[in-house]
Amino acid sequence: MAFTLYSLLQAALLCVNAIAVLHEERFLKNIGWGTDQGIGGFGEEPGIKSQLMNLVRSVRTVMRVPLIIVNSVVIVLLLLFG
Amino acid sequence: MHPTGLPAAAPTGTTRQRKWPSKRRIPASQPGMTDPHQLFDDTSSAQSRGYGAPRAPSGLGYPAASASPQATFLADPMSNMAMAYGSSLAAQGKELVDKNIDRFFPVTKLKYYFAVDTVYVGKKLGLLIFPYLHQDWEVQYQQDTPVAPRFDINAPDLYIPAMAFITYVLVAGLALGTQDRFSPDLLGLQASSALAWLTLEVLAILLSLYLVTINTDLTTIDLVAFLGYKYVGMIGGILMGLLFGKIGYYLVLGWCCMSIFVFMIRTLRLKILAEAAAEGVPVRGARNQLRMYLTMAVAATQPLLMYWLTFHLVQ
């Protein structure tokens, strides 16, 4: 069984990187996932799409700096130890 | 008798708007329950009477009671002072650690999940294998905080999942050994694999709960506890597979899969589908349907994972 915690960590890092590289202006706005297009007032039901957009936006804001650090560390380690 | 540290404040209580039905409260003075806020029995009184004299002044009382050669050494004022200083430093360090550990590691909340006793474990194991006759699945509350597991069989605990996980790793090693496929790093691989699947499950469920905006009082640790109950069925399946071959394995695993499916649905129904479950009637409506699908999906992944994590161990 090759599914270990280490591969889970790698997959998580790659996924977070993938969310972080989504460009706001060139891509998200064009498919209607921009941050200014989502908020639908104070209704009770946010809906799945607006929750997803919120999630993407918060991941991009919060994880920007930690990702820089973690990516640098991982790159150095992978270069050294393969 | 002082109340031991309960989970600090019921995390969801006051801030979010409560939509679920009023919880069942047990009367405050129930016979047979010493003090519901106390998680563990207080056994310190018996000890402290016996050890009162030598224990209290931790190092300073000792020289007075010891024999003469040591007495001359310890009566030296410098070493007395050094011992006093050392013990006070140790006490300070312990205080500091106790104060700060709660920030990183919710120890007091974890204590609640390990407040179990033998009767509870026995009944819960029986419930995991045969949940079909149990009528009342709601967790009892005592003044807004859940009652400790030893007083309520429906409360989640972390003792059974932790023990079952470790037993699963050991039984997997045993199964591999009987097929001459064993090597020590395989044990670590099994443990890591099972933990990785558990983490993935927890993350997936948390993500879907967030996306569908369900307000539950289901904490992450609760979720880990519920998802850890499937290890019990897995152990049963592997053991039967070792004794009776593939037929025994499939029979027992099938039975345990059904039981875990029913158990998860009945437990999660009360947590996720709070309003509908109050009346016990399946309510139509987009939101409730989505919640029902989510409960079904969570319950359905349990048998799948039980099979996936054990089939390669049985020949």
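Let's start with salt bridges, meaning a side-chain nitrogen of Lys or Arg within 4 Å of a carboxyl oxygen of Asp or Glu. Over all chains, the count by this rule is two. In one of them, A:Glu24 and A:Arg60 meet through their side chains, at 3.4 Å from N to O. That pair links distant parts of the chain, 36 residues apart: A:Glu24 sits in helix H2 (residues 24-28) of chain A, and A:Arg60 in helix H3 of chain A. Helices here are DSSP runs of H or I with at least four residues, numbered from the N terminus.

A quick word on the source: this is a predicted model, where local features need pLDDT of at least 70 and side-chain atom pairs count only at pLDDT 80 or more, while totals for chains, interfaces and linings use all residues. Residues are numbered from 1 along each chain as its sequence is written, chains are lettered from A in the order in which they are written, and side-chain values use heavy atoms, with hydrogens and water left out.

Now, how do the chains meet? With contact taken as heavy atoms within 4.5 Å, 17 residues of chain B touch 14 residues of chain A. Across this interface the rule finds zero salt bridges. On the chain B side, two elements give two or more residues each: helix H8 (184-211) and helix H12 (286-310). H8(B) brings the largest share, eleven residues.

Finally, which residues lie nearest the centre of the largest pocket? They are A:Ala12, A:Cys15, A:Val16, B:Leu203 and B:Leu207, out of 18 lining residues. A pocket is an open set of points on a 1 Å grid over the protein atoms alone, where a 1.4 Å probe fits, with protein on both sides within 12 Å along at least five of seven lines; lining residues have an atom within 4 Å of a point. H1(A) gives the most to this lining, with eight residues. By class, the lining has 17 nonpolar, one polar and no charged residues, where Ala, Val, Leu, Ile, Met, Phe, Trp, Tyr, Cys and Pro count as nonpolar, Asp, Glu, Lys and Arg as charged, and the others, Gly among them, as polar.
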